[in-house]
Amino acid sequence: MPDPRDRGQTRRAKISAMREQEERARRRNKNLTISLTVIGVFAVVLAAVFVVNRVSGSESAEVAAGESRFVRADSHKLSVAADGKVTLVEFLDFECEACRAAFPIVEDLREQYAGKVTFVARYFPLPGHFNAERAARAVEAAAGQDKFDAMYQRMYQTQSQWGEKQVPADEVFRGFAKDLGLDLAAWDKAYNDPATLERIKKDVADGQALGVSGTPTFFLNGQKLEPQSVDDFKAAIDAALAS
Amino acid sequence: MQRSQAEPLPELADAPLSAEDEEAVPFPRLLPRLLTTGGLVGLAAAFTLSIEKIALLKNPAYVPSCSLNPVLSCGSVMNTPQAEAFGFPNPLLGVAGFAIVTTVGVAMLAGAALPRWFWMGLQAGVTFGVVFVHWLIYQSLYVIGALCPYCMVVWAVTIPLFWYVTLHSLRRLRTAHSVIGYHAVPLTLWFLAVITAIGIRFWSYWSTLL
């Protein structure tokens, strides 16, 4: 026979166990609520940042008469077609390996379609590449001395020496400028000029407006081209020439 | 306590004991499950990375399955010295470590009561893991400048493993008690901090995807 005191204690123990369970459930709920609130606040802040960026973000400039988002008046042309019928635009990154792989193909095509196809190079340095933007500035600085072609080629020919290094390649690029016999003082000035960077960012903004997300991205007469082989390239160009 | 020692009532003996038990082990269900699934997920990621590394060794031109774009690129991460921090590929550590974690989880699910020294060993392991993973996060973000998706799976698994094993180890501390009640909050903040760091570091790239 359990005596009444014992029974009272049993009840108390049960109540306290129940209370504890409730307390635990309450804490569990709070734990979840606070965590979800934190995530919610994070999402709201993120969305706000996105919206602000959208509104004040770098809009690609207005398209003036005689140019397009694909080819601006100041875009660098590697070769020019007399009739201007077919234009191949490449958004490129000097540190991107796929771009380097495409480089000899594009060089061959330039030779093969000399005078028939306009080849345009647009800067699209990707942020994941440490020296891509520097390389673009180096090429743009050389372009100021009419050596765009030479510096462009030099970048791809030497990419394996300076690419993927994660250390600033300024001196390497300066060496290229010297080798090409450029006016180094002028090159230095252009290389460090914020206007040079602005010029590159204009190309990037155009690329983004056109939906470029990786490099190389080719546009043939305004149509995005995704060639799997050299033959694909030629077939597309031939078709454009024939049309 | 007035009750006689000779015949304790079953309810009496039961209720406080089980409550104390649960207090002693803060995550009786969560921890074994976390160790098992976390271990398996980490093991899968580390194993895949090892296979990719072997493929890369066989053919240096091989493009790993997780090289998706300039930012999400295993290839550029796997070829760095940081990927062999101790002179051999890091995923080998993961294959061994996560297999142990999985085994511990399964043993707990099977009802094993593990001694203190065993937990200290596990604590040492996950502490090493979490420190190493944060070094790798730093290297990946600020030195290499690329992300490797499989590696990020390992980051995502190692952090909660460390967190819950540590709370389990510190359960007797008074300060740990309040944290245990809100265990998911610091973990959430931790994840958001890493996500924020990734977002800021590669902002200019992410914004091109929009």
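**View 1. A:Asn131 sits in a loop of chain A.** This loop runs between strand 3 (117-123) and helix 3 (132-143). Helices (H or I, at least four residues) and strands (E, at least two) are DSSP runs, numbered from the N terminus. The model is predicted: local features need pLDDT of at least 70, side-chain atom pairs count only at pLDDT 80 or more, and totals for chains, interfaces and linings use all residues. Residues are numbered from 1 along each chain as its sequence is written, chains are lettered from A and ligands numbered from 1 in the order in which they are written, and side-chain values use heavy atoms, with hydrogens and water left out. Is A:Asn131 buried or exposed? A:Asn131 is buried, at a relative accessible area of 0%. Buried means under 20% relative accessible area, exposed over 50%, and partly exposed in between (1.4 Å probe, protein chains only). Leaving out residues up to four places away in sequence, A:Asn131 has contacts that include A:Glu95, A:Trp162 and A:Phe173. Contact means heavy atoms within 4.5 Å.

**View 2. The largest nonpolar core has 55 residues.** Such a core is a set of buried Ala, Val, Leu, Ile, Met, Phe, Trp, Tyr and Cys residues joined through side-chain atoms within 4.5 Å. A:Phe94, A:Met151, A:Tyr152, A:Met155, A:Phe173 and A:Trp187 touch the most other members. Helix 3 of chain A gives the largest share of this core, 7 residues. A second, separate core of 47 residues includes B:Cys74 and B:Phe202.

**View 3. Helix 8 of chain B covers residues 184-201.** Its 18 residues should span 26 Å, and its end C-alpha atoms are 26 Å apart, which agrees. The expected span is 1.5 Å times one less than the number of residues. Among the buried residues of this helix are B:Leu187, B:Leu192 and B:Ile198.

**View 4. A:Arg174 and A:Asp188 form a salt bridge.** A salt bridge is a side-chain nitrogen of Lys or Arg within 4 Å of a carboxyl oxygen of Asp or Glu. Here the closest N and O atoms are 2.8 Å apart. A:Arg174 lies in helix 6 and A:Asp188 in helix 7 of chain A, so the pair ties together parts that are 14 residues apart in sequence. A:Arg174 is partly exposed at 29%. A:Asp188 is partly exposed too, at 22%.

**View 5. A:Asp203 and A:Arg199 meet in a salt bridge (2.9 Å, N to O).** Both lie in helix 8 of chain A, 4 residues apart. Salt bridges that share partners join residues including A:Arg199, A:Lys202, A:Asp203 and A:Asp206 into one network.
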